[in-house]
Amino acid sequence: MADRYFPNTMLVFVDETTVQQSFPEGAKDPLSKLLHLPYRTVCQKLKSAAQDLKETIVKETWVCKGGRVSDYTLYTGALGTAFLLFKAYQVTRDNNDLALCSHIIKACDSASHGSGRVTFICGQAGVYALGAVVAKHSGDEQLCDHYLTKFKEIELPKDLPNELLYGRAGFLWACSFLNKNIGRDTISPTQIQAVVVEVIKSGRKMGKGRCPLMYEWHEKKYWGAAHGLAGIMHVLMDMELKADEAEDVKATLRYMIRNRFPSGNYPSSDGSESDRLVHWCHGAPGVALTLIKAAEVWNTTNW
């Protein structure tokens with residue numbers, strides 16, 4: 001693992017200076033100098049850099065492609081550009097970002113017809129959920145209702161997996177996104193609970209001993225955020241769980257912590273001894289986000 005991360009050369013604590021050109025001894029590299037600036041100055045610089053990066057991404061992924069959609073998904077396609085524009089709008093309140101976001105979503109809606117995928121990140125649920133939220137912010141109630149109607153018409157196949165990218169957890173993520181951004185019960189608790197029950201039931205069927213919940217995707221018991229435990233547990237913590245269900249989630253996370261590698265990384269799948277992958281999909285980065293979520297939900301630093 002020694003060659004899979006950058007050494008941390010930052011100071012433990014950086015005190016602000018009131019004069020932008022004055023830097024304490026030790027602030028030699030650009031990042032250290034940036035962190036020595038007053039908080040508001042740092043925020044403005046980061047915001048400006050983010051705006052420039054957003055413009056570059058929009059140009060390369062949308063403008064240069066002539067507005068054509070070959071991949072509609074949020075994960076690797078045009079809906080990801082739309083989501084970026086929506087996040088930018090939430091910071092700047094620039095209506096131009098919101099308008100372009102809505103335009104891209106409409107193109108993604110057309111491109112997604114017949115795909116059959118039902119998740120937020122890789123399916124039509126993401127198109128309809130983001131479309132409804134953006135329409136709500138735009139004040140277009142008719143368009144918002146249009147996307148919500150299409151979302152509620154989604155039917156989950158019986159053989160749907162449980163993971164985040166293509167499975168039930170990915171659909172639940174879209175439900176949560178709608179309820180957080182439009183209003184509680186936009187997607188009814190009854191509909192959500194029916195899916196949660198299936199996820200818990202599937203996990204318990206494969207779970208064992210100290211790991212009460214376990215899932216398979218393509219015949220592997222993955223641990224990561226994309227296809228495995230980390231992603232599914234993260235979504236379940238956003239749901240209204242019964243006491244025994246919440247305890248199963250906690251016990252599953254404890255099992256993962258106990259069985260991580262000495263390096264601090266996590267196996268990509270149950271029983272794997274390969275300490276190699278350090279991505280959001282597989283490895284510690286995705287698991288870390290889930291453990292942070294656990295600390296927030298249960299208000300403890302034990303995670």
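This report covers aromatic pairs and one annotated cysteine in a predicted model.

## Basis

Local features need pLDDT of at least 70 and side-chain atom pairs count only at pLDDT 80 or more, while totals for chains, interfaces and linings use all residues. Numbering runs from 1 along each chain as its sequence is written, and side-chain values use heavy atoms, without hydrogens and water.

## Aromatic pairs

Rings of Phe, Tyr and Trp (its six-membered ring) pair if their centres lie within 6.5 Å; planes under 30 degrees apart are stacked, over 60 edge-to-face, the rest tilted. The count is nine aromatic pairs. One of them joins Phe120 and Phe177. Their centres are 4.9 Å apart, with 45 degrees between the planes, a tilted pair.

This pair links distant parts of the chain, 57 residues apart. Phe120 lies in the loop between helix H4 (95-111) and helix H5 (124-138). Phe177 sits in helix H7 (residues 168-181). Helices here are DSSP runs (H or I, at least four residues), numbered from the N terminus. Both Phe120 and Phe177 are buried (under 20% relative accessible area; exposed is over 50%, partly exposed in between; 1.4 Å probe, protein chains only).

## Cysteine 281

UniProt, in an unreviewed entry, places a "binding site" feature at Cys281. Such annotations may be inferred rather than shown by experiment; feature names are shortened and positions follow the numbering used here.

Cys281 lies in the loop between helix H10 (243-258) and helix H11 (284-297). Its relative accessible area is 22%, so Cys281 is partly exposed. Leaving out residues up to four places away in sequence, Cys281 touches Tyr75, Gly224, Ala225 and Ala226 (heavy atoms within 4.5 Å).

Definitions and conventions: Helix = DSSP H or I, 4+ residues; strand = E, 2+ residues; numbered from the N terminus.
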